[in-house]
Amino acid sequence: MPNYSDTIMTDQPIHILMIDDDEDDFFLVNELLQDISPGQYQLNWASTYAQGQEQISRKAHDIYLVDYRLGPYTGIDMLHYFQQIGYKAPVIMLTGKGDYTIDKEAMMAGASDYLVKGEISGDLLERSIRYALDEMNHLRTLAESEKKYYGVFEKAHDLILLADCDKNIIDANPASCRTLQYSREEMLAMNLKDLFLFEEQYRHFFDQICGEDGCGPAEYNFVNSAGKKLDVMLNAVMLDAAAQIFLCVVQDITERKKEEQEKQQQQKFVITGRIARVIAHEVRNPLTNILLAVSQFKLEPGVTEDSQLYTDIIERNCIRINQLITELLNSTRMIELHVQQHGINELTEKALALAQDRLQLNEIRVDKRLSDPDVMIPADAEKVEIALLNIIINAIEAMTPGKGELNIYTARHNDRAVIQVSDNGPGIPEDMKAKLFDPFFTSKPKGSGLGLTSTQNIIINHKGNIHVDSEPGKGTTFSITFPTN
């Protein structure tokens with residue numbers, strides 16, 4: 001296919017095909033072209049409709065001059081042939097005097113211009129040819145740009161949304177439909193506010209998008225069709241101020257934030273372990289001295305009953321402090337693992353068996369969706385079962401007896417084994433989620449606050465990760481992942 005920009009910008013001749021059954025008209029047009037620019041134009045002739053079709057199908061010319069009257073056919077029929085074979089090329093329609101009414105029909109059928117034969121001059125012919133070539137080059141450039149940007153729209157990994165002045169979604173790329181789990185038809189029936197998890201966030205977004213600089217980048221929480229929360233980074237600008245069209249580019253950062261949180265948890269765990277060792281060293285020595293002094297004091301003659309009471313209190317609390325330090329050390333130190341291959345279903349079932357009495361006592365319904373086949377991991381079975389048991393017991397204690405539903409899900413995602421434990425309890429407030437694995441943090445009246453710290457220690461020692469998703473009133477999900485090798 002000819003490259004029109006190359007034809008215009010270089011010294012190569014412009015190849016023209018004239019389809020006309022009058023040889024005199026062909027010679028006249030050829031003479032006009034040669035007089036204007038000798039050697040600039042190379043004119044070929046097709047004297048019949050059939051010859052014209054055959055030449056057009058070769059796509060070897062830069063521009064076409066087509067007579068309106070071609071025996072039993074018309075130039076409009078020839079324009080339809082261009083459309084039929086999907087060939088976009090500049091076509092100038094040649095009409096006779098008295099055919100002025102066909103210009104609109106010709107232009108509607110795809111003609112670039114029309115000329116009246118009896119009124120054609122050299123300057124007019126050349127201007128028409130160059131106009132037609134320039135217009136076709138412009139249209140081709142636009143088509144290439146549209147194809148390029150449509151490709152970006154279709155293939156982009158980020159979510160791209162277009163919305164009108166009422167924030168109704170008018171277009172959505174495939175990534176949006178995949179991530180949000182809606183069909184394109186469903187997306188086009190939605191408003192942007194339907195994507196936000198929290199009302200205050202979409203109100204803030206709408207205030208920002210109507211400003212001069214648009215919105216972004218800013219973090220928001222979206223929700224997909226399944227009700228899952230997504231962390232997103234959102235940029236939005238006014239694409240067309242007159243039509244009030246907004247362009248929104250949304251990056252799903254859920255996994256990235258999850259990885260960052262897991263990394264922070266691991267760093268926090270390491271720091272906690274160091275602090276625990278320092279506390280153990282700095283506190284145990286004074287405690288030992290206090291206990292020795294109390295023991296010595298109790299042996300002294302003349303110790304009264306009141307003195308005995310106070311020394312017992314001192315001794316008992318020193319022992320308690322020492323036990324807490326030991327528990328803290330055990331929950332944060334690197335532990336020795338006796339690793340063998342075990343299935344995550346096997347480990348989960350054993351942890352559930354250990355919690356069976358509590359489940360029955362609290363009338364908790366258990367729903368299991370376990371991977372088939374089982375996913376094998378290198379693990380210290382006893383320790384992983386303890387970690388899972390801690391999470392299951394936390395879930396049981398969070399639920400209302402007789403109304404609790406415990407959901408267990410296991411699967412393999414790429415090279416990771418996944419275990420999820422979900423409850424339908426009251427959920428965990430956002431400010432408490434960050435403290436869940438902190439030593440001595442507990443919401444239970446008699447809890448030590450070291451159960452989840454110990455659980456995290458076991459999982460981290462297995463090179464795994466633990467993540468918590470929870471919303472007040474919607475329950476809690478603990479997600480644990482282990483490497484499969």
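## Charges, patches and backbone features of a predicted model

Asp 20 is buried, its relative accessible area being 0%; buried means under 20% relative accessible area, exposed means over 50%, and partly exposed lies in between, with a 1.4 Å probe and protein chains only. The structure is a predicted model, in which local features need pLDDT of at least 70 and side-chain atom pairs count only at pLDDT 80 or more, while totals for chains, interfaces and linings use all residues. Residues are numbered from 1 along each chain as its sequence is written, and side-chain values use heavy atoms, with hydrogens and water left out.

### Salt bridges

Side chains of opposite charge can pair when their charged atoms come close. A salt bridge is defined as a side-chain nitrogen of Lys or Arg within 4 Å of a carboxyl oxygen of Asp or Glu. A search of the whole structure gives 14 salt bridges.

| Acidic residue | Basic residue | N to O distance |
| Asp 20 | Lys 117 | 2.8 Å |
| Glu 199 | Arg 203 | 2.7 Å |
| Asp 380 | Lys 383 | 3.3 Å |

Which parts of the chain does the pair of Asp 20 and Lys 117 tie together? The side chains of Asp 20 and Lys 117 meet in a salt bridge. Asp 20 lies in the loop between S1 and H2, and Lys 117 lies in the loop between strand S7 (113–116) and helix H6 (122–155), so the pair ties together parts that are 97 residues apart in sequence. Helices (H or I, at least four residues) and strands (E, at least two) are DSSP runs, numbered from the N terminus. Asp 20 and Lys 117 also belong to a network of salt bridges that links them with Asp 25 and Asp 67.

The pair of Glu 199 and Arg 203 has another setting. Both residues lie in helix H9 (residues 199–209), four residues apart, which is about one turn of the helix. Glu 199 counts as partly exposed because its relative accessibility is 42%, and Arg 203 counts as partly exposed because its relative accessibility is 46%. Gln 201 is also placed in helix H9, but Gln 201 counts as buried, at 17% relative accessibility. The C-alpha atoms of Gln 201 and Phe 222 are separated by 9.5 Å, although these residues are 21 residues apart along the chain.

### Surface patches

Patches are made of residues with over 30% relative accessible area and no salt bridge; like charges are joined within 9 Å, and nonpolar side chains (Val, Leu, Ile, Met, Phe, Trp, Tyr) within 5 Å. Accessible areas come from the Shrake-Rupley method with a 1.4 Å probe, and for residues only the protein chains shown count as cover. Lys and Arg count as positive and Asp and Glu as negative, whereas His and the chain ends are not counted. The place of a charge is taken as NZ of Lys, CZ of Arg, CG of Asp or CD of Glu.

Asp 21, Asp 22, Glu 23 and Asp 24 form a negative surface patch. Asp 21 counts as partly exposed because its relative accessibility is 45%.

A nonpolar surface patch of about 250 Å² is made by Ile 271, Ile 275 and Ile 279. Ile 275 belongs to helix H10 (residues 254–299) and is partly exposed, with a relative accessible area of 45%. His 281 lies in helix H10 as well, and His 281 is exposed, with a relative accessible area of 51%. The C-alpha atoms of His 281 and Ile 325, 44 residues apart along the chain, are separated by 9.7 Å.

### Cysteines

How many disulfides are there? A disulfide is a pair of cysteine sulfur atoms within 2.5 Å, and by this rule the count is zero. Cys 177 is buried at a relative accessible area of 15%, and Cys 248 is buried at 1%.

### Backbone features

Most residues other than glycine have a negative phi, and most peptide bonds are trans. A cis peptide bond joins Asp 372 and Pro 373, with omega about 5 degrees. Pro 373 is found in the loop between strand S14 (365–369) and strand S15 (376–379).

Gln 181 has a positive phi, near 60 degrees. Gln 181 sits in the loop between helix H7 (174–180) and helix H8 (184–188) and counts as partly exposed, at 45% relative accessibility. For Asn 414, phi is also positive, near 55 degrees. Asn 414 lies in the loop between strand S16 (405–413) and strand S17 (416–423), and Asn 414 is exposed, with a relative accessible area of 71%.
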